[in-house]
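Welcome! Please take a moment to look at the sequence and the 3D view, and then read the briefing that follows.

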Amino acid sequence: MTPQEIEAFFERLAALDPHPTTELEYTTPFQLLAAVVLSAQATDKSVNEATRTLFAVAPDARAMVALGEAGIAQHIRRIGLYRSKAKHLYELSRRLLETTGGEIPDDRAFLESLPGVGRKTANVVLNTLFGHPVIAVDTHIFRVANRTGLAPGKTVRAVEEALTARIPPRFRRHAHHWLILLGRYTCTARAPRCDACPVHDLCHWPHKPPGTRETNDVHAQP
């Protein structure tokens with residue numbers, strides 16, 4: 001995409017959804033971090049179903065440690081890799097208690113040092129909690145960036161760097177959520193809904209069908 005096309009791309013997404021946010025359910029910074037850790041290779045829907053009961057009994061780091069690894073596992077059995085995630089969540093909670101009293105710091109290096117937390121998870125937390133204009137590239141964003149020609153790249157890190165360089169500064173704060181929602185509900189892996197795409201004419205995907213129709217919701221579900 002040209003700089004002019006990228007500007008128009010995000011102007012449209014912003015007009016449709018001025019204040020996007022995560023679809024993970026949480027009420028505290030700790031709960032967001034826990035939910036993002038659980039969301040690796042899992043859908044937000046399945047994570048929300050699990051955390052509704054988990055957070056009811058373990059809403060903070062202290063309660064999570066008290067619940068124990070086995071107790072955590074019982075609540076998240078429906079999520080993929082639940083055994084390793086239960087271990088990560090227990091150890092993460094214990095580490096937070098020891099170092100910050102259970103608080104979530106605005107510190108990338110610290111976040112990435114926690115069990116189960118990599119760059120993508122840290123980016124979600126830094127963006128959603130602290131407003132950093134960073135982009136957590138998941139499978140949806142990776143697909144949208146490459147398919148549309150927005151920011152092609154062969155690796156997740158390459159796409160993240162290309163997006164950061166190419167997205168105008170005024171759109172970077174919310175770009176993460178706009179792109180996830182576009183990929184999750186419209187620019188899907190199989191049978192993308194090009195007829196409902198608000199940026200159809202700006203997309204450079206060589207296989208897109210001609211024409212488009214207007215939509216009022218960038219994450220309208222079929």
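## A briefing on the chain

Starting at the N terminus, the elements of the chain follow the order α-α-α-α-α-α-α-α-α-α. In total the chain has 10 helices and zero strands, where helices (H or I, at least four residues) and strands (E, at least two) are DSSP runs, numbered from the N terminus. This is a predicted model, in which local features need pLDDT of at least 70 and side-chain atom pairs count only at pLDDT 80 or more, while totals for chains, interfaces and linings use all residues. Residues are numbered from 1 along each chain as its sequence is written, and side-chain values use heavy atoms, with hydrogens and water left out.

**Overall shape**

- For 222 residues, a compact globule would have a radius of gyration near 17 Å, and the value of 18 Å for the chain agrees with that. The radius of gyration is taken over C-alpha atoms, and the globule rule is 2.2 Å times the number of residues to the power 0.38.
- Along the principal axes, the C-alpha atoms of the chain fill a box of roughly 55 × 30 × 30 Å.
- Of the 222 residues in the chain, 49% are buried. Buried means under 20% relative accessible area, exposed means over 50%, and partly exposed is in between (1.4 Å probe, protein chains only).
- Among contacts (heavy atoms within 4.5 Å) with a separation of 6 or more, 58% are between residues 24 or more positions apart.

**A closer look at asparagine 48**

- You can find asparagine 48 in helix H3 (residues 44-57).
- Is asparagine 48 buried or exposed? Asparagine 48 counts as buried because its relative accessibility is 6%.
- If you leave aside neighbours within four places in sequence, asparagine 48 is in contact with Glu23, Leu24 and Glu25.

**Salt bridges**

- Side chains of opposite charge can pair when their charged atoms come close.
- The count comes to 12 salt bridges, each being a side-chain nitrogen of Lys or Arg within 4 Å of a carboxyl oxygen of Asp or Glu.
- One of them joins glutamate 7 and arginine 170, with the closest N and O atoms 2.5 Å apart. Glutamate 7 lies in helix H1 (residues 3-16) and arginine 170 in helix H10 (residues 169-185), so this pair ties together parts that are 163 residues apart in sequence.
- Glutamate 11 also forms a salt bridge with arginine 170, and here the closest N and O atoms are 3.0 Å apart. This pair links distant parts of the chain, with glutamate 11 in helix H1 and arginine 170 in helix H10, 159 residues apart.
- Arginine 170 counts as exposed at 55% relative accessibility, glutamate 7 is partly exposed at 26%, and glutamate 11 is partly exposed at 40%.
- Arginine 94 and glutamate 91 meet through their side chains in a salt bridge (2.5 Å, N to O). About one helical turn separates arginine 94 and glutamate 91, because they are three residues apart in helix H5 (residues 82-100).
- Salt bridges that share partners join Glu7, Glu11 and Arg170 into one network.

**Empty space: the cavity**

- Rolling a probe the size of a water molecule over the atoms shows where empty space is left.
- On a 1 Å grid over the protein atoms alone, a cavity is a set of points where a 1.4 Å probe fits but cannot get out, and a pocket is an open set with protein on both sides within 12 Å along at least five of seven lines; lining residues have an atom within 4 Å of a point.
- Grid points are joined across faces, edges and corners, and a volume is the space filled by probe spheres set on the points.
- There is one cavity of 30 Å³ or more, and the largest cavity has a volume of about 100 Å³.
- Which residues are closest to the centre of the largest cavity? Of the 13 residues that line it, they are Thr148, Cys187, Cys194, Cys197 and Cys203.

- The largest pocket holds about 610 Å³ of space. Of its 30 lining residues, Ser39, Ala42, Asp44, Lys120 and Asp138 are the closest to its centre.
- H10 gives the largest share of the lining of the largest pocket, five residues.
- The second largest pocket has a volume of about 160 Å³, and its lining residues include Thr28, Phe30, Arg62 and Ile104.
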